[in-house]
Amino acid sequence: MIGQMLAQHRLAFSLVAARMRRAPLALLMMIAVIGVTLSLPAMLYVALENLQRLAGGFQTAPQISLFLAMSAPEDQIKEIDARLDKHAGITTHRFVSRDEAWQKMQQSTGLAEITGGLEQNPLPDAYVIETKTGDPAAIERLQQEMQQWPGVEHAQLDAVWIKRLHGLLELGNKLVLVIAGLLGFALLIITGNSIRLQIATQREEIELSRLIGATDRFIRRPFLYAGTLYGIGGGLSALLILVGAVWLFNESVTELARLYASDFRLLMPTADVSLALVGGSALLGWIGSYVAVNRALADIERY
Amino acid sequence: MIKFDRVGKLYPGGYEALKNLSFEIEKGELVFVTGHSGAGKSTLLKLIAALERPTAGTVLIGNQNVSKLRRAAVPFLRRKFGLVFQDHKLLYDRTVFDNVALPLHINGVVGHEAGKRIRAALDKVGLLSREKAMPITLSGGEQQRLAIARAVVSRPAILIADEPTANLDETYASEIMKLFHSFHQVGVTVLIATHDAHGSMEFGGRTLHLAQGELR
């Protein structure tokens, strides 16, 4: 029973393979169309992934850094501390003494050379403050307020731009979803249409098969194979385009990153992403041809 | 084996092809369906082979009521029949061998076993040496024999032929008739529609004569 089922599938597969061998150009064109269509959202996705990785390297929690004046006397610092304690718009505040900051700076890689050249600690005392609100405008008002306090040299917004970047990335993610959805729909139509044309050339065979006892499943099978193979081929070619693009971009990205003393480079699509790309493409091909065959069968059916 | 009980077939548009038809065909019988063109011969064969459903009465094949058959069960009923169509319905994009292979593939017979049966069927109709030929290169009589090989390759219990000798000259026609007779002799139920009543006489068998959709 299982042997017979396998044999049936092998039969359908070899039938499709023979048809494709007879029209290699049509096959190549289908695969190219699917590959190019899919590579667009895939490239966007990989670009976003990499940007997110880059943004994830930054701290996101602290929002205002309060640098005190070097000359600020002890009681002024105490006053600031008291104000921060009472302030309604603040969740936490942490005092970072100039010595502590200096030590950290000396330990951090890449900065040791700079600190080594300095005779004395140039850093001021500082407070790191987390605000209650995440709203950039409210944080900016807080920053302006603190800037006015005596003893404060500079109040700096730290992470707002990162928040904005995250917001943008979020937007980008949604954009990728929408584009992938739309192009996926286009692919359904493309494969469906190609299968519909194949059905038209094989209409006699389908009609005859129906008359002598073929089930719908039997008639559908080779077309589903064709659609799925288109999908797999298209997905693989999209992957190839993607890898090629990342490789090409990396030439420039690493060069640029070196100028900023970073070893950042674009990562190739992961195994998960590759599998999802090829698998999703295969699924789209299958669905597209399933719909096309069922519509054709409904047309032919008279019994 | 085949039982018609007050069967009628009314086509959309009001054309009544068959009226109140009742008859029975036993297993292993040889039956000729005769009558002028338009008398309902093809419709009768289509009702038997479950290619169309009756609009009145019941058609029983074995013990199955064709009019009440679920759509999904229809293909399996159709596999009981070997059909020779009036217009052959050969597939001209593939070889003689592949034409005969189709019913076997539909029945799930593939590979070596299929090859054996295909060659046996081709041998039976005298086309074994032409297995790699394309159907378009065959003569009219050879194409008809190819259609017969395709009809019998899956060893159906009932063989149905619609005007199998219509476009053949007399020598070819009698060859074809002998072929059908030989299937009848090995126990296959054979139904042949023909407008040419005298050709059927020499082989014995029963005649169902149709006129204006009724048995006469």
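Leaving aside its neighbours within four places in sequence, which residues is B:Lys3 in contact with? In this predicted model, B:Lys3 is in contact with B:Glu24 and B:Leu60 once those sequence neighbours are set aside. The points below place this residue in its strand and then turn to other parts of the model.

- B:Lys3 counts as partly exposed because it has 17 C-beta neighbours inside 10 Å, a count between the limit of 12 or fewer for exposed residues and that of 20 or more for buried ones.
- The C-alpha atoms of B:Lys3 and B:Thr194 are separated by 20 Å, and the two residues are 191 residues apart along the chain.
- Strand β1 (residues 2–10) of chain B runs antiparallel to strand β2 (residues 16–25) of chain B, and six bridges join the two; B:Phe4, for its part, has B:Phe23 as its bridge partner in β2(B).
- Five residues lie between the strands in the hairpin of β1(B) and β2(B), and in this hairpin B:Gly13 takes a positive phi near 105°.

**The two sheets of chain B and the helices on them**

- Four strands of chain B form an open sheet in the order β2-β1-β4-β5, with antiparallel pairing; its edge strands are β2 and β5 (64–65) of chain B, each of which pairs on one side only.
- Helix α1 (residues 41–48) of chain B lies across β1, β2 and β4 (56–61) of chain B, and runs at about 125° to β1(B).
- Another open sheet has six strands in the order β6-β7-β8-β3-β9-β10 (chain B), and here the pairing is mixed; the edge strands are β6 (81–84) and β10 (214–215) of chain B, each pairing on one side only.

- Most residues other than glycine have a negative phi.
- B:Ala50 has a positive phi of about 60° although it is not a glycine; B:Ala50 lies in the loop between α1 and β4 of chain B, and is buried, because 25 other C-beta atoms lie within 10 Å and 20 or more are enough for that class.
- B:Glu163 has a positive phi of about 50° and is not a glycine either; B:Glu163 is found in the loop between β7 and α6 of chain B, and is partly exposed, with 19 other C-beta atoms within 10 Å.

**Chain A: a helix pair and a loop residue**

- The axes of helix α9 (residues 216–259) of chain A and helix α10 (residues 271–300) of chain A come within 7 Å and cross at roughly 150°, so α9(A) is roughly antiparallel to α10(A), a class that takes angles over 145 degrees.
- α9(A) passes α10(A) in a right-handed crossing, and the contact between these helices has 18 nonpolar, ten polar and two charged residues.
- A:Asn121 lies in the loop between α5 (112–116) and β3 (126–131) of chain A and is partly exposed, with 14 other C-beta atoms within 10 Å.
- Setting aside neighbours within four places in sequence, A:Asn121 is in contact with A:Arg98 and A:Trp102, whereas the C-alpha atoms of A:Asn121 and A:Leu84, 37 residues apart along the chain, are separated by 26 Å.

**Where chain B meets chain A**

- 18 residues of chain B are in contact with 15 residues of chain A, and the elements that give two or more residues to the chain B side are α2 (74–78) and α3 (96–106) of chain B.
- By class, the side of chain B that touches chain A has ten nonpolar, three polar and five charged residues.

Terms used. Residues are numbered from 1 along each chain as its sequence is written. Chains are lettered from A and ligands numbered from 1 in the order in which they are written. This is a predicted model: local features need pLDDT of at least 70, side-chain atom pairs count only at pLDDT 80 or more; totals for chains, interfaces and linings use all residues. Two strands pair if DSSP finds at least two bridges between them. Two residues are in contact if their C-beta atoms, placed from the backbone, lie within 7 Å. Axes are lines fitted to C-alpha atoms, for helices over the stretch in contact, and angles run from 0 to 180 degrees between N-to-C directions. Angles under 35 degrees count as roughly parallel, over 145 as roughly antiparallel, 65 to 115 as roughly perpendicular and the rest as oblique. A crossing is left-handed if the near helix is turned anticlockwise from the far one by less than a right angle, and right-handed if clockwise. Ala, Val, Leu, Ile, Met, Phe, Trp, Tyr, Cys and Pro count as nonpolar, Asp, Glu, Lys and Arg as charged, and the others, Gly among them, as polar.
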